[in-house]
Amino acid sequence: MAVEIEEIAVGAVTVVVVQGRLDGLAAPALDDRLAGLTTRGTKLVLDMAGLDYASSAGLRVLLKAAKQTKASKGRFALAAITPTVEKIFEISGFTTIFDIYPDRDQAAAAIA
Amino acid sequence: MGLKKVYLLLDSRLEELDRLALAIDDFCAEAGVPGAAPDFLLCAEELFTNIVLHGLGGEAGHRIDVEIAQGEDRIDVAITDDAPPFDPTTPIAPDLDAPVEARAIGGLGRHLVSTIMDSFCYRRERNRNCISFGRRVAENEGQ
């Protein structure tokens, strides 16, 4: 499995820890996992400290999660983006459309 | 750096992304530029995925050839497939400033390739699409 996904509760915030490589093959697994959370008004943080790589298929999943969370009156934030993924975000214009925090705890505190 | 070439025959299934990733990681490591691997991997994945999902409609059993080649100061990748003619180098301009609700993601892969690489070419040859891309790599592009 190219990507490992783990869910942790931090107070009222759900932190989803994503590790590995978020490529076109792995993206549907994350999409499935997030689908159950983003439609319920969840306060959701994606901890990306262990994510080495993301392709546009991965970005598509993040974008969908952000849209759905917003539509269900939840909150969505990203934490701890690695340099490789940040570069892809920048080229795609993604750094401006997500709330991004240096680490999981700051992200959770910001949207709690 | 010495010159080197690697050929890869892939089937038109997304499961092949693992082999593609391994081949590119190994190639860049052996070429002495491991730090360049994510760029080449990203672009190869974007194009491979587009071919499988859009060019071939997700149909397995088509051969997709990948050639990775090291030049004097650059790495180039060529991908050929038997999907209907499609030129991915045709410029498209995704709206990078649109708010999250309005963002469409189509064409983002092609935008990534044309931004990251310094060459991105297409030709139709013997009923196959031939896409090539590459960029200069610096000797110190280790990690």
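Of the 112 residues of chain A, 47% count as buried, where buried means that 20 or more other C-beta atoms, placed from the backbone, lie within 10 Å of a residue's own. This is a predicted model, in which local features need pLDDT of at least 70 and side-chain atom pairs count only at pLDDT 80 or more, while totals for chains, interfaces and linings use all residues. Residues are numbered from 1 along each chain as its sequence is written, and chains are lettered from A and ligands numbered from 1 in the order in which they are written.

**Chain A as a whole**

- Chain A comes to four helices and five strands; these are DSSP runs numbered from the N terminus, with helices being H or I of at least four residues and strands E of at least two.
- With 112 residues, a compact globule would have a radius of gyration near 13 Å, and chain A agrees at 12 Å (taken over C-alpha atoms; the rule is 2.2 Å times the number of residues to the power 0.38).
- Along the principal axes, the C-alpha atoms of chain A fill a box of roughly 30 × 25 × 25 Å.
- Take the contacts in chain A between residues at least 6 apart in sequence: 74% of them join residues at least 24 apart. Two residues are in contact if their C-beta atoms, placed from the backbone, lie within 7 Å.

**Helix H2 of chain A**

- H2(A) covers residues 56-71, so 16 residues, and reaches 22 Å from first C-alpha to last, close to the 22 Å expected at 1.5 Å a residue (1.5 Å times one less than the number of residues).
- Its buried residues include A:Leu59, A:Val61, A:Leu62 and A:Leu63.
- After H2(A) comes A:Lys73, whose phi is positive, near 65°.

**Where chains A and B touch**

- The contact takes 19 residues from chain A and 20 residues from chain B.
- On the chain B side, helix H2 (37-55) and helix H3 (108-116) each supply at least two residues.
- That side of chain B divides into 11 nonpolar, three polar and six charged residues (Ala, Val, Leu, Ile, Met, Phe, Trp, Tyr, Cys and Pro are nonpolar, Asp, Glu, Lys and Arg charged, and the others, Gly among them, polar).

**Two helices crossing in chain B**

- The axes of H2(B) and H3(B) come within 9 Å and cross at roughly 145° (lines fitted to C-alpha atoms over the stretch in contact, with angles from 0 to 180 degrees between N-to-C directions).
- Among the residues making this contact are B:Leu42 and B:Leu47 of H2(B) and B:Leu112 and B:Ile116 of H3(B).
- By class, the contact has six nonpolar, three polar and two charged residues.

Terms used
Buried ≥ 20, exposed ≤ 12 C-beta atoms within 10 Å, placed from the backbone.
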